[in-house]
Amino acid sequence: MTGNYPALLVTVPLLAAFVIYGCSWLHKRSCLFMALLGLTIPFAISVALLKKVLINGHISYHLGGWDPPWGIAYELDPINAIVLVAVTTVALVNLIATSKEIETRFSDRRGAFYALYLLFVVGLLGIVATGDLFNLYVLLEIASITGYSLIAMGDPARAPLSSLNYVFMGTIGACFYLLGVGYIYIMTGSLNMADVHVLLPPLYHSSAIVVAFIFCLVGVMIKMGFFPLHSWLPNAYTYAPSPATSLIAPLMTKVMAYVMIRLMISVFSPKFVFSSIAASNAVVWLACLAIVMGALMALAQRDVRRMLTYIIVSEIGYIVGGAWIGNATAMSGAVLHIINDVLMTFCVFLSLGAIARSTKGYQIENFSGLFKKIPVTMATFVVSGLSIIGIPPTCGFFSKWYLILGAIEGGHYGFIVVLLLSSLINIILFFRIFEEAFFVYPKTNAVHTEGEASIAIAETPFVTLIPLVLTAILLIFTGIYSGSLIALIIKPVVSAGLL
Amino acid sequence: METIHSIRPLLAILASLFAIPFIVGFSRRPAMREFWTFAAAGSKFLIIVSMLPLVLTGRRVTCTIFEIIPGVPLQLTVDTLGLLFALVSSSLWILTSIYSVGYMRGLGEHSQTRYFCFFAVALSATIGVAFSANLLTLYIFYEILSLATYPLVTHHQDEEARSSGRRYLAYILGSSIGLFLPAMLISYHLAGTLTFSASGFLGASISRKVLMILLIMFIFGAAKAAVMPLHAWLPAAMVAPTPVSALLHAVAVVKVGVFVIIRIITGVFGVNLLKSLSLTTPVIVLACITILCGSLIALSQDNLKRLLAYSTISQLSYIVLGVSLLSQRGLTGAFIHIPMHAFGKITLFFCAGAIFVATGKKNISEMKGLGRQMPITMAAFFIASLSIIGLPPCGGFLSKWNLVLGSIEAHRPLVLVVLLVSSLLNAGYFMPVVYKAFFFKTESAVAGVKEAPLCCLIPLCLTAIFSIIFLFYPQPFYELISHALKCIIGAGV
Amino acid sequence: MKRLALLIVILSGGLLLYATKDFPSWGDPNSPASTHVSPRYLEKSLEETAVPNVVTAVLADYRGYDTMFETTVIFCAGVACFMLLRKFEPEERDLYYRHIPTGLTLHIKGEKQIPSTSKEFEKIDAIWTPYDFIINTVSRFLVPFIQLFALYVIAHGHHSPGGGFQGGVILGASIIVLAVAFNLRTAVRRFGEKIDGIMSALGVFIYAGVGAFCAILGAEFLNYRALAKILPVGKVMARSHGILAVEIGVGIAVMAVMICIYNNVASEGKFDEGL
Amino acid sequence: MDFLLTHLVAKYNFWLYIILMMIGLYAMIAKNNLIKKLVGMNIFQTAIILFYVSIGSKRGGTIPIVEHIAGGGEHAINPTRYVNPLPHVLMLTAIVVSVSTFGVALALAIKIYQRYKTLEEDELLTRIRES
């Protein structure tokens, strides 16, 4: 059975989704339990797989017993194993933390909601694990369609329209990717990544392959909301229901960023990406632009959730820039930042969802006095904020460390400046909120005591609070152990890929 | 030099963190809460003292927590210099806790629990900086300190606190992220390591220009040292409750700043490298400017705490100056100025606080004739100001003396002049206060005020007395410093 | 906007066109696409899977994993339409009934209503909604034949063009014909929403379940050979049977989802008489 | 002339699909009406499907159902006589995907219409700004 882990990892939540939707017509209350089960098992499996990969190295699983390139294969190396763990963790923790809200908010269609939730996770897991270009497209569509509909369940005034825009952009992205794959297929006759990787080198100078690469890349970049193509992202994530936001916002963009790195390393080769098409400088500068613009646009927002979505845009800039600088250090920084960013974005959105319980809206003004009212929740919010700023020992600092180090090695001083600049802007962004939440009292001491009395502590319910606190702690631990993350998991694969 | 592996440094850091849960737990019962603060402070001090004999016998205590970045472990090392600093700050924490009890209760401040918690965190971070074995560890604790101090600075949570809190963050975080971090990364890129070594880890292979740029980035990156033009946060931070200003802005935070600079010069670049390339001239110039300007601005201050802040700014640059002289005497002066100034300045702050508690007065002009109402306080103030000016019978004299000799040793007569002029200026802004207090007739406003509560009074007397004692028994300091110098200078010889 | 769009379109189109110069010319039997991977399918599929229709073989076996997710995508769409559109609480208004024998329309104000069990009357949404005897009869007459054909398409997918998707769509169409010819209520009465929902899940579950079952039997996921352990046939025939099983699953799922999407979209989720 | 033969005539199919794709893409980006955008989306996807299918074609090849060739039988199957089945399989998936996307998009459009009673983008934006 353990041999089948790679398949089960994806198919257990799949089956669970079907069962849940079927049962939701008969017995609604059992849905949550099954959903939890359907996410706990994959979590366990993904951890087991990570261990296995670290011990035995690369795993290749042939579905249906057909060898690639004829059949479809799953390729697991340490990096995507750790990404899988991150995905399952976030999905599970988020479900636990937001279950209460889901149950109340979607009571009459919770079956459908859970089903789509699980299928979204299935899509992401498949995308990360698969070794087949076309299979990736199908799974991408699963993740997208579920994503569209989860997002559309939010604020009835705005969510459907922003979701529909997402549909258009997303479809363009997917179609571009599909076109690219078609071009690869017509030139090589294969769809299996490893096989294509072998077949391509003689074709590196054919314009068809270059165009194929460009189209795959642009498609993926649309999906990950890279700067000029990010227009769908802010609305979609701002108006989504908070349980969906805290699931989709951390995962979707980062997984697509991982796909980009996968394409660059294991479908095409760094040799092709960095030397045959000499675009790496241009892309890094674009990434710089993405970071700055994201930060500036975030600066212009008064709505905290919207601000965070723009921060995502600039974080994506970090990853793309790191990946395109083109040396092992920066690449490892990018991969590490994918993992860290999943965690910190998750933590910040989850805590925001919890905060929203006790505020009227997401405007900064609504945050006043929160440190007194919900100290622990705010503490987690602060931790995630500091991590996004990049204050040690939170994890955000360390990915920045490697990114900057890589930029120094690669001589991209513009990228360094931009990284530091965005950190400084993030300080402003977050301390704006912290101040609002911290400084509540009018002047004199006499009023202080009254002020304290006026705001009673109304902390978040434990079912949400405990996962939240654990996530915040996880942020710090990931930071502290990032050294071993790099040394054991990321660096070997990356440097093997880049050589 | 042999090294002992022990978790004592870690314990020293964690001691105050352990106390936090209890402090929070007993937030409803102040007595217990403060008991835990004392427990933390005492245990911290004892642990640090317990490492004294080891270090004095020429060994160093290290504690590697784990590899945080390949080649750069999260590591603590206790050497004489760090121990000196740790001793000063931890011993003063005890006194400050006593004082804060009196002060905070005296003024009925709000949310004291939060206050004590972050105070504990700040102290842990300070000790962490003192003991960190490499630049990254140091940076981590430095940042933690910056953030832990923010709620203390903005304790009053009013508009004024908000604006000065902003300024504080802007200067401290901005400089550390904008300058210190890249400088650290570049040196890591160049040297491949960040661990301090007595001869510095930045080899001479690096071009002079790069080294110069790095040095400047580091000096300004450590904005806690308040070297001009990055000093403006310190006067702003004076909105904090006085105990905070006393411990953090006279001892812990600002001294962390200069301590970082000392580490940079002695541990990262290495004295001999700097001497051979004579890189520190700009630093000396900056320090001199800061000394003079700080004193001059202090002359014009009427608010006592702001005056003290500016005097702190100029005094800190003494240390920076002494280190950047790179001469044996100069270093001695710099190192010994750490405890001397610490005790002197904290006394002054204590006095200011005591006056505020007793009379509610912040401005010097309102303190005429206060000496009759509060003789003890003003006496302590007088002694401390002597120590800062650098006159016997106070410890400050020693540091001044050594600095002066150091400047001669380094053949920099101008520095000598600066030192002497600044001493005059110091006298110029301290003496009027004392004079007004004792020789003016009592104003009706302050008529009939009594001394501040005992909790406030005792610590300031103690510190004042200590700053006298140090003149006559400087041996322990000298011993530590001589060890330190053996490593720093001796390594090159 | 329009200018920008034109720019983007021309740019991407130009790139694509430019790239075609390296393509093998159309229908070239020696192009990599027709020489690298596909020959194996054409040569081996019959002896490896006992399915002469190579497309079916590749679809449901060689790349069966893709197809499972393809079915899942359909399922997603159905669930999404349900979740987005379905309205459970009806906004109350006057009731209209048609008296079937005469075709007269009753208009009832207020709370009172005719029990839905009555065969005489059927609920309608407006004072006048078309009622065409010929269309109704013809469609009612056609439906069984459509369904029979659908079953044939599903079952005969091994040997002729066809398979689960096509058959499923035709099956769904048979119900949708009812919905169009009569109205949605009639169709839903024939084929309830609950059944529909369960079947849509069941269909995909069959597919994934077969795959998981193979895994349980000790082979890889979706490796139908393992079914030989429980079926009285050889390993190759087992593949063929496995393909049939998943095709049936696909058929059920697609039919159910088609109906689900139609019902929700046509009635904006109100499940009244629809179009 | 030679260029025309090698690059236009021999590959006119690709040219047609690409032009079709451009039309669809243009409609998706530039059209104001959401339904028109949806139609554009379908054209786009259909163009890609045609493109793939045309990859699979072989001169003189017939549908890939092996029994139908007389004398073909179970052994010695000559792959050049059948068109490449893989693109057909892929496009079956692509069709299904596009149908599903279209369904979801329609549902969204309906939701939007229910609230704002229009599907013209500019009107939608003005109404949102008003509310």
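Chain A has 21 helices and 2 strands, with helices (H or I, at least four residues) and strands (E, at least two) taken as DSSP runs numbered from the N terminus. This is a predicted model: local features need pLDDT of at least 70, side-chain atom pairs count only at pLDDT 80 or more, and totals for chains, interfaces and linings use all residues. Residues are numbered from 1 along each chain as its sequence is written, while chains are lettered from A and ligands numbered from 1 in the order in which they are written.

Q: Which helix of chain A gives the most to the side that touches chain D?
A: Here, 24 residues of chain A are in contact with 26 of chain D, contact being C-beta atoms, placed from the backbone, within 7 Å. Helix 5 (133-152) and helix 6 (159-188) of chain A each supply at least two residues of that side. The top giver, with 14 residues, is helix 6.

Q: Where in chain A is confidence lowest?
A: Confidence here is pLDDT, the predictor's own score for each residue, from 0 to 100. Chain A averages 88, and helix 5 of chain A is highest at 94. The lowest mean, 45, belongs to residues 445-454, helix 19.

Q: What percentage of the residues in chain A is buried?
A: Call a residue buried if 20 or more other C-beta atoms lie within 10 Å of its own, exposed if 12 or fewer, and partly exposed in between, with C-beta atoms placed from the backbone. Of the 499 residues in chain A, the buried share is 68%.

Technical notes: Contact = placed C-beta atoms within 7 Å.
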